[in-house]
Amino acid sequence: MTFIRHPKDFWAGILFIAFGSAAVGIAFSYPVGTAGRMGPGYFPRGLGMIMIALGAFLALRAMRVDGQRIEFPSFKPLVVVLGAVVAFGAAAPKLGLMVATVVLILISSAASHEFRWKESIISSLFLAAFTLVAFVYGLKLQLPTWPWFIS
Amino acid sequence: MELLANLGTGFAVALTFQNLLYCFGGVVLGTLIGVLPGIGPVPTIAMLLPITYALPPVSALIMLAGIYYGAQYGGSTTAILVNLPGESSSVVTCLDGYQMARQGRAGKALATAALASFIAGTFATLVVAAFAPPLAEVALKFGPAEYFSLMVLGLIAAVVLASGSLIKAIGMIVLGLLLGIVGTDVNSGLQRYSFGIAELSDGIGFVSVAMGLFGFAEIIVNLERTDKREVFTDKVSGLMLKWSEFKEALPAILRGTGVGSALGILPGGGAMLSAFASYTIEKKIAKDPSRFGKGAIEGVAGPEAANNAGAQTSFIPLLTLGIPPNAVMALMVGAMTIHSIQPGPQVMTSNPQLFWGLIVSMWIGNVMLVILNLPMIGIWVKLLQVPYRLLYPAILLFCCIGVYSINNNVFDVFITALFGVLGWLFVKLECEPAPLLLGFILGPMMEENLRRALLLSRGDPTVFVTRPISGVMLGMAAILLLIVVAPSMRKKRDEAFLET
């Protein structure tokens, strides 16, 4: 799109407008009250409108001022790292910390361009042992440690 | 000699075996995590915060303060040896520290940093002890209108003094304020922005926000880069400074201490701004400015002193006004709230043990840093030799376990991942996440004070201007904004940040 001359500012503006609109839109169902007796909708609605104004200013200015492009060298780290975190969250309650640790380390290691299978397996087992000693025995965290069918 | 009596109270608390141990533990753990490349004080504190939940409040805060200094010092070590700043305040240390390391003077750079931190820390502790009580007394007279205006001033000052786009920074604050609203409204009991999710009725956890925006996003962005980094770890020897080097460094340390102590008190100041300012000053007054960027010892000594002094004095607004001036202090507010301490002017009178114990432990923490880090430097260096591909999964793991253990609920882990996406997006769009965290912590306080102020004035908004203290603070905020928006000043501000 050629009218966007400053992509970073433009999309930041759009993001602000989106958050602001959502805030105002949802706050419509909250009672506003008056300035002297503020309802729960008063403050968020005001903030949302400020957000929209700031976003609009940014986006419009981005059509007049030049700026650098947004660099996206690779989406792999984003997807893999956060995917690993979500997998940890999914595994932890039922399968326990030990399994979740191994899952997290194995998946997240793949995000690096220097990924090596064997190394990651060893490191995942080592860190699981560390977690057991430091967090379960040492800090006595009350979290499920082993899979539900063992403990 | 009330000051001495108060410091005596503090020493009595801080010198108990238990608290010394927690201070020591905090400093070691903070350095250990802080030394990891790309991990600054904010994610370090967020990661280690759950460890302190079970401790008594005083010990928890002492340990957290230790973690903070440790992380800061660990960050300097990484900056000098790997040229990878963990956080913005170490960026400056990279400039000359890394060059010193390349010339085989890594040991000297590290020793200078330790010495500078210690001298600055000692002085700044005295500043905190001397200035906090009178400020707290003033703050006790504040009503809701004053508090609201103070928060506005603090937030505006925080964005004005930071680098980057002003509009974006203000937008990030407002977004933070909005995120802070999520949860149950204290006045009406209404659930706001919680989408019927039970976990959100208590609001979004600030550890999740901090960890996602600062920790996860940083790891992801680091992984997108594929360039190799040079690590200078085999040449770390010769820690002792020569007398001539000491004479070069000392004036810079003293100047840095002064600059840092003053700037740390300002909202938005703290470690980063202090380090930048000190470097600029050192370069300006040097006889031969061309040495800077090529391993000038003043370029390490000044900023290191400044960032440590600033780190310390940024506790003043937190302890006296209850207002966090930067992202690290915002985390401290969260930590205090967990131990049901409402930060503000009343802490000093209602809980003098905590107040003075914390202040004295700041100094003890600095002593420990010096004693600890110089002999243990070999261990930190070993840690830096571990390749990043093995380090970051471990960092992720500690973040995940930390977040998970807060409420024993994986919902927090998922929320953190969500903030990781947001943080990554912010990096791409060049939006600084620190103002968001400030807004997030201040959101509920700001709404409450706005509501109360307008309730007392029966809805008349002029109350913020007609009450003198409040009016002056709003006026200052307006002037600050105008100064930055004025074209001539804007150019100067950009130059000041570019120069370093």
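This is a predicted model: local features need pLDDT of at least 70, side-chain atom pairs count only at pLDDT 80 or more; totals for chains, interfaces and linings use all residues.

**Chain A**

- Chain A is built with 4 helices and 0 strands, and its pattern along the sequence reads α-α-α-α.
- With a radius of gyration of 24 Å, well over the 15 Å that the globule rule gives for 151 residues, chain A is more spread out than a compact globule.
- Taken along the principal axes, the C-alpha atoms of chain A fill a box of roughly 55 × 45 × 25 Å.
- Of the 151 residues in chain A, 38% are buried.
- Among the contacts in chain A with a separation of 6 or more, 66% join residues 24 or more positions apart.

**Chain B**

- Chain B holds 22 helices and 2 strands.
- The C-alpha trace of chain B spans about 70 × 55 × 50 Å along its principal axes.
- Buried residues account for 61% of the 500 residues of chain B.
- In chain B, 80% of the contacts with a separation of 6 or more are between residues 24 or more positions apart.

**Where the two chains meet**

- Chain A brings 58 residues to the contact, and chain B brings 52 residues.
- On the side of chain A that touches chain B, the elements giving two or more residues are helix 1 (7-27), helix 2 (42-61), helix 3 (76-109) and helix 4 (117-138) of chain A.
- Helix 3 of chain A gives the most to this side, with 16 residues.
- By class, the side of chain A that touches chain B has 40 nonpolar, 15 polar and 3 charged residues.

**Helix 6 of chain B and its partners**

- A handy way to read this section: two packed helices are described by the angle between their axes and the distance between the axes.
- Helix 6 (residues 106-140) of chain B packs with helix 16 (residues 352-385) of chain B at an angle of about 175°, and their axes are 8 Å apart.
- An angle over 145 degrees counts as roughly antiparallel, and helix 6 of chain B and helix 16 of chain B are therefore roughly antiparallel to each other.
- From helix 6 of chain B, the residues making this contact include Leu110(B), Ala114(B), Phe118(B) and Gly121(B), and from helix 16 of chain B they include Trp363(B), Asn366(B), Val370(B) and Ile377(B).
- The residues of the contact of helix 6 of chain B with helix 16 of chain B are 13 nonpolar, 6 polar and no charged.
- Helix 4 (residues 57-82) of chain B also packs with helix 6 of chain B, at an angle of about 155° and with their axes 10 Å apart.
- Helix 4 of chain B and helix 6 of chain B are therefore roughly antiparallel to each other, and their crossing is right-handed.
- Helix 4 of chain B makes this contact through Tyr73(B), Ser76(B), Thr77(B), Ile80(B) and Leu81(B), while helix 6 of chain B uses Ala106(B), Ala109(B), Leu110(B), Ala113(B) and Ser117(B).
- The contact of helix 4 of chain B with helix 6 of chain B has 7 nonpolar, 3 polar and no charged residues.

**Loop residues to look up**

- As background, most residues other than glycine have a negative phi.
- Asn408(B), which is not a glycine, has a positive phi of about 50°.
- You will find Asn408(B) in the loop between helix 17 (388-407) and helix 18 (411-428) of chain B, where Asn408(B) is partly exposed, with 13 other C-beta atoms within 10 Å.
- Glu430(B) also has a positive phi, near 55°, and is a residue other than glycine.
- Glu430(B) sits in the loop between helix 18 and helix 19 (434-456) of chain B, and counts as partly exposed with 15 C-beta neighbours inside 10 Å.
- In chain A, Arg69(A) lies in the loop between helix 2 and helix 3, and Arg69(A) is exposed, with 8 other C-beta atoms within 10 Å.
- Arg69(A) and Arg5(A) are 64 residues apart along the chain, and their C-alpha atoms are separated by 8.9 Å.

Terms used: Residues are numbered from 1 along each chain as its sequence is written. Chains are lettered from A and ligands numbered from 1 in the order in which they are written. Axes are lines fitted to C-alpha atoms, for helices over the stretch in contact, and angles run from 0 to 180 degrees between N-to-C directions. Angles under 35 degrees count as roughly parallel, over 145 as roughly antiparallel, 65 to 115 as roughly perpendicular and the rest as oblique. Two residues are in contact if their C-beta atoms, placed from the backbone, lie within 7 Å. Ala, Val, Leu, Ile, Met, Phe, Trp, Tyr, Cys and Pro count as nonpolar, Asp, Glu, Lys and Arg as charged, and the others, Gly among them, as polar. A residue is buried if 20 or more other C-beta atoms lie within 10 Å of its own, exposed if 12 or fewer, and partly exposed in between; C-beta atoms are placed from the backbone. A crossing is left-handed if the near helix is turned anticlockwise from the far one by less than a right angle, and right-handed if clockwise. The radius of gyration is taken over C-alpha atoms; the globule rule is 2.2 Å times the number of residues to the power 0.38.
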